[in-house]
Amino acid sequence: MATKLRLQRKGRKGYAYYHIVAADVNAPRDGKFIEKVGTYNPNTDPATVSLNFEAALKWVMNGAQPTDTVRNILSDEGVYLKKHLLGGVKKGAFDEAEAEKRFNAWKEKKDAAKNALKDKFADAAKAAAKKRQEEEEAKNKAKAAELAKKRQEAAEALAAAAAEAAAEAATAETAQDAEAAPAENETPAAE
């Protein structure tokens, strides 16, 4: 029976994730499968892969043919490198300890590169957030200055209106005093 390592679609419309499965070549994409080897979620950044390394290596060593996407996933996870190293052990080029040493060195280098990339993205995100915060603070300061200026103008206008009203009241009071003063100075007429 010919087997294939392929992706089996799961999830909802517009947000698919996949199971990596070993299935018969003639089985439909989302149909029966022999063994689930892992999961692949392309919706995250970077894509999330959870892989049963030993099961994937077993299927690759037994001749299961992966699809292009699964081949890339397995290659990134080191399954094909491990297969290559085990082939070298089988041919006698080096022993199993040397194969493990080489694989672990590659894995450490790959993890360091992955962590450096994650750190780079995290630093870029922090810098962008800091820049947005500084811009927001500058906008808030400008708005506060403008608001203070408007409030000062309104207070000055209110003070001017109050002074004008007081002046009018004083003028009106002096006019009333002027009208009332002749009436007091008048002598009563003889009866």
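This is a predicted model: local features need pLDDT of at least 70, side-chain atom pairs count only at pLDDT 80 or more; totals for chains, interfaces and linings use all residues.
**Exercise 1. Determine how strand 2 is paired with strand 1 and with strand 3.**

Solution. Begin with strand 1 (residues 3-12) and strand 2 (residues 15-24), which run antiparallel and are joined by 10 bridges. Within this pairing, Lys 4 stands opposite Ala 23 of strand 2. Next, look at the connection: strand 1 and strand 2 make a hairpin with two residues between them, and Gly 14 in the turn has a positive phi of about 80°. Finally, turn to strand 3 (residues 35-41), which pairs with strand 2 in the antiparallel sense over five bridges, with Ala 22 standing opposite Glu 35 of strand 3.

**Exercise 2. Classify the aromatic pair of Tyr 18 and Tyr 40, and decide whether each residue is buried or partly exposed.**

Solution. The model has three aromatic pairs. In the pair of Tyr 18 and Tyr 40, the ring centres are 6.2 Å apart and the planes stand at 25°; because planes under 30 degrees apart count as stacked, this pair is stacked. The pair links distant parts of the chain, since Tyr 18 belongs to strand 2 and Tyr 40 to strand 3, 22 residues apart. For burial, the cut-off is under 20% relative accessible area: Tyr 18, at 21%, is therefore partly exposed, whereas Tyr 40, at 17%, counts as buried.

**Exercise 3. Describe the ring pair of Phe 53 and Phe 103, and what surrounds Phe 103.**

Solution. The ring centres of Phe 53 and Phe 103 lie 5.6 Å apart with the planes at 50°, so the pair is tilted. Phe 53 is in helix 1 (residues 53-61) and Phe 103 in helix 4, so the pair ties together parts that are 50 residues apart in sequence. Both Phe 53 and Phe 103 are buried. Ring pairs also bring in Trp 106, which forms a cluster with Phe 53 and Phe 103.

**Exercise 4. Characterise the largest pocket by volume, lining and contributing helices.**

Solution. The largest pocket has a volume of about 380 Å³. It is lined by 13 residues, of which Pro 46, Ala 47, Val 49, Asp 76 and Lys 114 are the closest to its centre. Helix 2 (68-77) and helix 4 (96-185) each supply at least two lining residues, and helix 4 gives the most, with five.

Definitions and conventions. Residues are numbered from 1 along each chain as its sequence is written. Side-chain values use heavy atoms; hydrogens and water are left out. On a 1 Å grid over the protein atoms alone, a cavity is a set of points where a 1.4 Å probe fits but cannot get out, and a pocket is an open set with protein on both sides within 12 Å along at least five of seven lines; lining residues have an atom within 4 Å of a point. Grid points are joined across faces, edges and corners, and a volume is the space filled by probe spheres set on the points. Helices (H or I, at least four residues) and strands (E, at least two) are DSSP runs, numbered from the N terminus. Ala, Val, Leu, Ile, Met, Phe, Trp, Tyr, Cys and Pro count as nonpolar, Asp, Glu, Lys and Arg as charged, and the others, Gly among them, as polar. Two strands pair if DSSP finds at least two bridges between them. Rings of Phe, Tyr and Trp (its six-membered ring) pair if their centres lie within 6.5 Å; planes under 30 degrees apart count as stacked, over 60 as edge-to-face and the rest as tilted. Buried means under 20% relative accessible area, exposed over 50%, partly exposed in between (1.4 Å probe, protein chains only). A charge sits over a ring if NZ of Lys or CZ of Arg is within 6 Å of the ring centre and within 35 degrees of the ring normal.
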